[in-house]
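Student: Hi! Could we walk through this one together before I set anything up?
Tutor: Happy to, let's have it on screen.

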Amino acid sequence: MKYKLLLSVAIAGLLSTGCDKNFESINTDPEHLTPANMNYIYLFTSAELVTSGNSDANSYEDWRNNLIYGSTMIQHLSSTFGYWGGDKYTYNSGYNSAYWDNNYNNSIKNIVEVVENTKDDPTKANFYNIARIFKVFMFQRMTDMYGDIPYSEAGLGYIKQITSPKYDKQQDIYADMLNELNDAAGKLDPAAPNSLNASDVVYGGDPVLWKKFAYSEMLRLAMRMVKVDPGQAQQWAQAAVAGGVFTSTDDDAILSHQDFTSGTPTINGNAWVLAGVDPNAARLSKTFVDYLKGTNDPRLPYFGTVAANPSDVEDLGDNSAAIQLGQPNGYDNAGGAHDISTAPGYPGSQAKYSIVNRNTFARYDAPTFFLTYAETSLLEAEAVVRGWISGDAAAFYTAGVTAAMQEFDQIASRVKSNPTPLSGIPAGAITTYLAANPYDPADALNQINTQYWVATFLDEYEAWANWRRTGFPDLIPIAGYPGNVTNGQIPRRFTYPISEPITNGVNYQAAVGNLDNGDKMNSHVWWDKP
Amino acid sequence: MRKAKTIRHALACFVCVLVIYSGAGYAQNDIAYAGGRNKSITNLNKEEQKTDQKEKLLTVLKQLNETKGVYFLFSEQSLGNKLVNPVETSEQNVEKILTQVLKNTGLKFKKINDKTFVILSKESNNSKSGATAQAANFNIAAEQLKGVSAITVPVDIITGKVIGADGGPLPGITITVKGTRRGTSSGSDGSFSIQANKGNILVFSSIGYVTQEIVVGDELSINVTLQDEKRQLNEVVVTAMGVKKQNRAVGYSTTTVDGSKFTQSRETNIGNALTGQVAGVQVGGVATGPYGSSRVIIRGNASLNGNNQPLYVIDGVPYDNSNQGASGQWGGADYGDGLSNINPDDIENIQVLKGVAATALYGYRGGNGAILITTKSGARSRGIGVELNNNMTFTNVIDERDYQYTYGQGTQGVLPTTADIANATAESAWGPAIAGQDAVNMVGDHYKYTAQKDNFKNFYQTGLTNQTSVALLGGNDKGHFRIGLSNLYLSTNIPNSNMKQQGINFNSTYNITSKFQVNLTANYIFEQVKNRASFSDAPGNAVASTLYVANTFDIRWLKPRVDSNRNELLPGNQDIYFENPYFVAYDFENKTTRNRLTGGLTMKYNILDWLYVQAQVTRDGFVYNQRNVTPNGVQYSNAGGGSIQLTTVDQHELNVNGILGITKKFADKISVNAFGGVNSQDNVWNWTQGGGGPFVIPYFYSINNVSSKPYNFNYTHSRVNSVYGSVDIGYKDFLFLTATARNDWFSQLNPKTNSYLYPSLAASFIFSDVLRMPSWINYGKLRASYAESSNTGAATAYQTVLTYNLQGYQLNGQPLGYVNTQNIPNQNLKPVSIKEFEVGLNMEFLNNRLGIDLAYYDKKTSDDIVPVTVSSTSGYNNNTINVGRLRNKGLEVLITATPIRGKDFTWNMSFNFAQNTSKIESLGSPDVKSLQLNVPRFGDGVSISNVVGLPYGQITGYKYKRDANNNIIYDTAGLPLRSDNIENLGSGVYKQTGGFTNDFHYKNFTLSILIDYKFGAKIYSGTNLVLYSEGLQKTTLQGREGGYVGKGVTEDGKTNTKAVVAETYWNAIAFSDNVAEEFIYDASFIKLRSMSLSYSLPKSILKDGFIKGVTFTLVGRNLATLLKHTPNIDPESNYTNTNAQGLDLAGYPAVRSYGFNLNLKF
């Protein structure tokens, strides 16, 4: 009897609590932030960090797009390893798409979240406009690599339920990015309270510096259009200079990795590859070293070093200028016709070729340069040469080269760990160099853009883009390597991810239809008019 | 209830309350009825009136024999003349009638079985000990009741013992002397005595056993072993929620697999042991290693990308079988599932519920079928018994490699003559012809350039499995118990890897009163695994390295593991992910432990003989710890600095339920079994992970030895409340109808749409009981059912809103936030819907020696929850929505036969066959044609996808481009062009599966052979792709000298004559211009899956000694592949147990095992 009663009570009790009582509280995640309590400045920090090139502690986008392809295509570096296909123009779809694969669903999603969630909050107007400016920088890099890309509908999978974003034409993207920069820069208010502060790891949320960044980025975009739309290019270059671009290296957009945490994406991505996961694969390119040697460039010992055992990541090597040696591009270790040992002047061991200096660019705590005064000055010099803005081309050239050489001071001041950093290039050495290599109006475009090439060492996305728009420096492509996919020419773009035809087929096909040679590495993006 | 709810929802909840309160109302009525016992006055009068009109017992029993088909035995012939009450109403069951007939006559009856009753005089049976003795002296055989026959005077008393095939005593066996009225039944210890003459035939019979006849000879002591009757006619089967039913009353397909099928040639994972055993149960051929996960699919994949595996229930406790990690595109280890936590020695039997009608009572999680595991109990034992079992097997890797050994390591035909060249070509067999030349390896040592065919033999070792189980069991009239202890040690073929598992299984039932029963089951397991193997992509994958090294490369060169700097000694320096297998085996570390307790407490109270209540609490939970160390010196990660990661999963499911049920017969024609109940299921999952690197002090692998160790925590909590009910109605024992319904409420769903109802209806018709059948047809049953269910419910908690998280590390002191998911949250998720219609036929022929069981089903899934892979440019990788529609149709055939049944020799065979046809019907929008499930490491456009209009799990990829005459078209460089589009290359899911079992019993020997087969699936072999590229595959011998000229035409239609360097040609097909078609193989196979030969010591040797039974068995598993089409790999080489079947790449090699099993009973 008791049991029956007990059970009846138990059943009644269970049901009196309702079939779905407490379900809403049960279904609330107690361990994660919701839109109600999220502070979006932390997404902005992530967006900045990931854009610096190491989204996943494997540094895949940096490794594959920036180094394996970018650095060797542009002949800053050289590799004999089979999977380093950039100077042999062989194809790897996953390496082509690594940057896209690691940013759209990460940094771009974050910046879109930030923009969408701050746009209606007047107390965060500066934050909102800073985010818009940085978003332009992120998309500029993406579209320069791939051409037409999802832009206006990108990153809106949750906010607007767009799961197959259309590909915007690069021409339209450029137009919109320029307008965005113009509008956002104009709305930055130096008097408004700073809601970002240190969470903005580039400028600490300073609207004045972000304004300069916006106009310097505007100048970069303007100059990019020089081949395809000189009229627009000129107009926007003028607007940029009028708005106020960088005026010293103090304005540089730099992300420090000095408090890096080992084994996490906070390490400098390039360094993580060159002195971490893939230390023996890359050497300085013969093209690059020969150029630096030919001009007695004081940067050579900062770029290179010769290590007895490159695989030993702690081997700092000997960086004296005299023994630096560039490895020719286009060779392998296969023992056949392209074996490095058959290269003219082979020094008998690959260890004798220079690797990237592990006390400057290849330090784990080396800063990442997003956009610099050196680049801006050189672009201004070119704009003067083209007669688009007024000023002294020689002065801009001198300022640009000087700023580029001062980068090593900037590195030294932004590293914290061992080893003790190399001190920067003495002012006297810079003066000596400029005296020996003065501005030459007769060869101005070549000279300016070759300096731009040197100044963008390891920002290979930028080095490659600038080479594609100007053709300088005059690189000799590697012909006839077996299995090359570009008919022996330096690639002009990266291919889309192989997932796109499956997940976003209609839009993908439309974008491919606009390419002059299909979804291949030798098709041209819009501003890279063949 | 909140006001915001829809009316529909409010109504549903109201109904649920109503059902239960009316149930409670029932209970109150019963209390009144039971307590009052107030019979009506008219009844009393009737009883009195009848007392005078007595009849002879023999007359009454003859009448009952004719009308009810039952037999009677009684101790003295004189009893037949006793006067008893006449039959009042024959509409009742026999027990009721007998109670009434024998009332106030000084007689009573005892039920031997459903068809046999013994009449006893009350006085003669007062002492308890006398019951057995009395039973031995009944001397009127049931058959003789119909006529008067002479009673011969028996001379001898034959005594003996009846035992079962397992050696245990069989009580209650009917023993008759053929041609006489003499009969008896065996006692509780199986012993009997009967008077018989030399030459008489003794017949031993009972339901569930094969009837045996023995001629009485000179021997006065006869011991008889009865074989289990394997036919399902009168078998009792376990159905959903643990309800036991006569098989004849079941209106859907269900199969019982005896526990012995798992104990002989055993698999560590019980799921894998089901292969070939049950029609329609497909065990995926997964190369996940001996402690990896299994994949069991019943009646096809019912979900596009959700869970397709059945619900596992152990002794009524839902059992979590989720796997803790599988290999994927980028490699990784398989961390196993729940099924390796079950000791086969504890399994009494496994009931496979295939269709939705069978499982609809499990509500939202019945849609994939259910596997009910019943553990052994002490129910059959009297007193205390001990059972001891030891199983020891050895495993060897089956070397499936069939490489070319004509050309050796190198590239472009160049011999490795320097360490640099050797380093650049470790994975390349494009060198010169092998001729014993002097060559140099990657460390600079000179060696003779000869074929190295023994790399497998040299690297892999013999594995050992040793499982010891001890069971202590006992029982008496009040209850019974069984405690099983087990210890498992398993070492694998990859060195330095093993598993240790200790388990305790407890199962006990106790009758506190005659009406109140308590059952407690508990299964505790402690499992430790050292170094689970990684598959697919190369990092940390010992299998890959062993497969990939060039054919003149001696794997033993890698034995030093590290170079002089203590860095990993790689086979070559061009691919830091292509690792040293010895380093992987000895220096990498992954260790897992699992503490798991699964148990349930059930209390049942029989309020009346037709009314019961039951309350149950069950819990299945485990704590799982995982420790991964990437060692110092590894070349690909953390600059050789190493890293460590510790993971803990703590999860449990708690179920509380109550049932009120009735079992009643009306007018002796209609039987009713019904129950209603409620259940609350609560699931909690905690996940913590911390770790970091590099190690501050190298080679000291502790989490305390890394300077920063980000810590992550995840938690989910969900609840499902349910109300359910079931009604079984039987008419005259030949027509049965079962209706069930269950309503589930999910916490994970939007509160507006969180209630779902799952009904079922099933009918069974025993036509052989109604229609006149030829004598060679013994039994015939038709069945039909329809039911609705689900298989994923609402997936995991918190999928409806967007959340954010912070990284476990900072940048320059600044926190880093991120969106917590790559899955677009969806407010409108609802459970998957599965609807199934099934018809079936069971027939038995030729004196039950031939049986057939057929089933046809049509199963439709709609509203499938699909994480549609979306363009990552949306910011997300997946969008989880209810869009999928698919259908599975199939036929299942089981044929059982006993070709030979003799005194000494019996041959049983069983053949099962299943065909399942699946079709993806819709993925929502008409624009969406395919859903990608997974992609392999290598291959452009290659994926496993569900494609609209095609069977489940298509392998996609490029084909060769062909002209109208099917000629391959070549470009000007002589390389084949590939199709313009990504094509569908066939399904990775088998269409036809089955098995063929033969059991031969000869005296004390039993030989069992299982052959299983699967047909109609394809596999994309990444292994062969790599071997093409490396020049190890035999196909790549073509064109080595003078180049390869592809057979086909040029783009302008002329015959292709362009020769391409073989290395370039085969590499292009594998990598740069990947043609997936080339690597698609037919995965069909026939295998000699298992074989065992056992010998039981005859009872005559054991006598009545301390030892009751000894069985020794030689066992073998995966003994031979009789048919396959896949070069270099086993056809069952899928490296994961996920839905994406059809991908091979460096999975665990197939293994053959052989050994012995020893079983002792005390």
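Tutor: One term before we start: helix axes here are lines fitted to C-alpha atoms over the stretch in contact, and angles between N-to-C directions run from 0 to 180 degrees. Also keep in mind that this is a predicted model.

Student: OK, at roughly what angle do the axes of H3 and H5 of chain A cross?
Tutor: Roughly 155°, and the axes come within 8 Å. H3 covers residues 41-51 and H5 covers residues 93-118.

Student: What does that make H3(A) and H5(A), roughly parallel or roughly antiparallel?
Tutor: Roughly antiparallel, because angles over 145 degrees count that way.

Student: And is the crossing left-handed or right-handed?
Tutor: The crossing of H3(A) and H5(A) is left-handed.

Student: Which residues make the contact?
Tutor: From H3(A), the residues include A:Leu43, A:Phe44, A:Ala47 and A:Val50. H5(A) contributes, among others, A:Tyr99, A:Asn103, A:Asn106 and A:Ile111.

Student: New topic: H8 of chain A. How far apart are its end C-alpha atoms?
Tutor: They are 25 Å apart. H8(A) has 18 residues, 207-224, and at 1.5 Å a residue it should span 26 Å, so the two values agree.

Student: How many of the residues of H8(A) are buried?
Tutor: 15 of the 18, so the helix is largely enclosed by the rest of the structure. Buried means under 20% relative accessible area.

Student: What caps the N-terminal end of H8(A)?
Tutor: A:Asp206 does: one of its side-chain oxygens sits 2.8 Å from the backbone nitrogen of A:Val208.

Student: Is B:Asn966 buried or exposed?
Tutor: Exposed, because its relative accessibility is 54% and the cut-off is over 50%.

Student: Where does B:Lys1003 lie?
Tutor: In the loop between strands E49 (992-1002) and E50 (1005-1015) of chain B. B:Lys1003 has a positive phi of about 50°, although it is not a glycine, and at 53% relative accessibility it counts as exposed.

Notes. Residues numbered from 1 in each chain as written. Chains lettered and ligands numbered in written order. Predicted model: local features only at pLDDT ≥ 70, side-chain atom pairs only at ≥ 80, totals over all residues. Heavy atoms only, no water. Helix = DSSP H or I, 4+ residues; strand = E, 2+ residues; numbered from the N terminus. Expected span 1.5 Å × (residues − 1). Buried < 20%, exposed > 50% of the residue type's maximum accessible area, 1.4 Å probe, protein only. Polar contact = N/O pair within 3.5 Å; in protein donor to acceptor, adjacent residues only side chain to side chain. Parallel < 35°, antiparallel > 145°, perpendicular 65-115°, else oblique. Left-handed = near helix turned anticlockwise from the far one by under 90°. Contact = heavy atoms within 4.5 Å.
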